[in-house]
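Hi,

Here is the structure I promised to pass on.

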Amino acid sequence: MRVTENMVWQSAASYLNRTRERLQRVQEQVASQRRILRPEDDPAGTERALLIRSTIRAYQSYKRSVDQGLARLTITESALQRATQALEDAVVTTMRLRSDTFSDAERESAALQVEGLLDSVLAAANTRYQDRYIFGGYQTNTPPFSMDETPSPSAVYSGDQGVVSLYVEPGRTVEIGLPGDTVFGDALEALIGLAEALRTPGADLGPCLDQLNAAVDTVLQAHTTIGQRLAILQDIDENLARVDILLQQQSSDIENLDLAEASVQLASEELAYNATLGMIARLPQPLLIEKLR
Amino acid sequence: MPSGLMGLNTALQALVASQQAINIVSHNIANVNTPGYSRQQPILAAEGAYTLPEAQRGSEAGQVGTGVRLVEVRRVADTFLANHVRLQSQQMGQWTAIQDTLQELEAILGEPSDVGLAAEIDSFWASWGDLAADPQNIALRSAVLEAGKRLASKFGSLTKQISISRQSLNHQISNTIEEINDIGQAIADLNVEIARIRGAQDTPGDLLDQRDILLDRLAELGNFVVAEEENGAVSVFLGGHHLVWQGQAATITTDASLDPANLTITWKDDASVVRATSGRLAGLVTARDEIIAGLQDDLDALAAAVVESVNGLHRSGFGLDGSTGLDFFTGSTAGHIALNPALDHTDKLATAGPSESDPTSPSGPGDGSIALQISLLVEAKVMDGDRATVNDYYRDTIGQLGAAAQNAARTVESARILVEHLNQRRQAVSGVSLDEETINLVQFERAYQAAARLVTVIDEMLDRLINQTGLVGR
């Protein structure tokens, strides 16, 4: 095949450009620390990368929900503990006043104590978290329990049965809310009854004791439920932390550049480029015309 | 018997022929770097022999040659190779146009990233998720409205940038058409010149080179069919309509009257549509009408699905002030989606579901169930005939874009390699090799020198005959 001057120069230009293109690409990767600069670099990898990024964001969202849930359930738990404590104090008082004979004055003083305990339980029932009443179902702006004095003292529940749920894992919601009517209603009624009985000379405290014990059971049951929910959330919390690490690792594997590999490639491309330049520098060969005569 | 002066004439012929040959070699050497130049070869032929009439022949040998003549300046070019190169150029032209657009769209979408549409969509769903945990929180309610605005704005800005791309393609289409028209006219003019010179039995080598360069450039622009006519002119056709016929060139024009966003391309003389199936023009049209339009359709579908699914839930929910039946988004396409201006206060944002006892009023301020349901739309299969989530659909769009861009890049690269290879082969046939021309130069120079010497010899012979014969006793 004839070889002409033009062929030689055109080939040289073409090789040089190709070498530069490859070098340029590796330089871009190293500068940005990314393996995938554009979707066309790895279309399937890009889709996976997007999926992982979305998943990471979703898990971050779950984490925020879990944190919110843990905080609120913890407050719920301590409110229940406060109510339990008050009820148990009431039980002790009742049992004491039952076994011995006490004067009216002593019974009155006990009644006052019980009213104090009533206030405690009421305060627990009306606990607020971030300015919202947590035991009133969806009615978070009004105190769930109020004391009605007429016709006779009773606790009135003005909340509803709404239960706040949080989405904390793919396909999993956990209930956070606890409508207070059953939980605190029994306790409040029992304490109101007790105070009244204490103020009624000769009243039998037996039924009051039964009521109080029943109320304690109710609160303890609620306590157990809340405890279970807390355990679930803590478990999920740990899992979320593990998954986040895994996801970050996967994201990095797909998107980030393996610097060691890239450095070797960079050196290799630079070598190729320099070699091409050297080859081109040697291209101008002596012409026949220079050799004649 | 031939005249003694015949030898002189033969020598003269030799001198002239060698001179002409050297001139042709000079032309080649001068044009060693001229793009598209095909080397020219001097074709020499022996002149006919002088035939003695029978009567005077006697016993002498008959046919004695009378010299040499330059009969043709031959242009060395391979039309088959030229056509092959042009075919591959069409591919390259078409796919380069497509590749450029795909890369521009990749840049516009900018994925994978933390500020792309995928991130905005995720952010939007997440803002509802945060709100569901504490629906009365004013900061979180504000955040949802903000996220809605940002998402709408992202759709809008993507639409705008895609529209700018489309406009740019229309410009490029116009420019390409102008170039085609100019080249067509130039070829027509060359046709006239070439036909004239061919009529005089000569080969207009340089004009043919010029015309070939124009045809090469034209090939990149469209799937033009080139046919050589008897008189040396070429006719050029595109999609059955002529661009060049002898000295006449047709014009392509663009018609914006039907749809300003999409210029239609027609022949000026009969308003028929230009059918280009390959080459840059076809590539630009494909890029505009299929690739860009396709992406815009995908974005519109995404926006519509988001608007519809969010609004459906939002309308059924209640705000903190009891507002209900409000849309969250207005608009249904990516270019028009916006936060409903009626949501001018965070209280109006619907988060609560209906009350069980009275479905026309809200259940309570602490109810975030509507917000929860909206945040769960991230997993809802609302696209592609209910088979894909919004995120799935978008990821698929990006994946397809990437695959198309990768494919285009590979096609361009392989077409380019082939074009380069074919051009090398073309050069091997038509290119000037300085060493080869040097040898030719030496060859013809020697011939010239020999011919010059020949003149001296004949001169001496004649001199002897004329001046030194028949002189007796002088």
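Of the chain B contacts (heavy atoms within 4.5 Å) between residues at least 6 apart in sequence, 68% join residues at least 24 apart. Bear in mind that this is a predicted model, where local features need pLDDT of at least 70, side-chain atom pairs count only at pLDDT 80 or more, and totals for chains, interfaces and linings use all residues. Residues are numbered from 1 along each chain as its sequence is written, chains are lettered from A and ligands numbered from 1 in the order in which they are written, and side-chain values use heavy atoms, leaving out hydrogens and water.

On to the overall form of chain B. It has 10 helices and 12 strands, taken as DSSP runs (helices H or I, at least four residues; strands E, at least two; numbered from the N terminus). Its radius of gyration is 40 Å, well over the 23 Å that the globule rule gives for 474 residues, so chain B is more spread out than a compact globule. That radius is taken over C-alpha atoms, and the rule is 2.2 Å times the number of residues to the power 0.38. The C-alpha trace of chain B spans about 155 × 45 × 30 Å along its principal axes. Buried residues account for 45% of the 474 (buried is under 20% relative accessible area, exposed over 50%, partly exposed in between; 1.4 Å probe, protein chains only).

Now the salt bridges (a side-chain nitrogen of Lys or Arg within 4 Å of a carboxyl oxygen of Asp or Glu). The count over all chains is 40.

In chain A, Arg22(A) pairs with Glu269(A), with the closest N and O atoms 3.2 Å apart. Arg22(A) is partly exposed at 43%, whereas Glu269(A) is buried at 10%.

Also in chain A, Asp237(A) and Lys63(A) form a salt bridge, again with a closest N and O distance of 3.2 Å. Asp237(A) sits in helix α5 (residues 206-255) and Lys63(A) in helix α2 (residues 43-99), so the pair ties together parts 174 residues apart in sequence.

In chain B, Arg416(B) bridges to Glu413(B) at 2.8 Å between the closest N and O atoms. Both lie in helix α9 (residues 390-430), and because they are three residues apart, about one helical turn separates them.

Cheers
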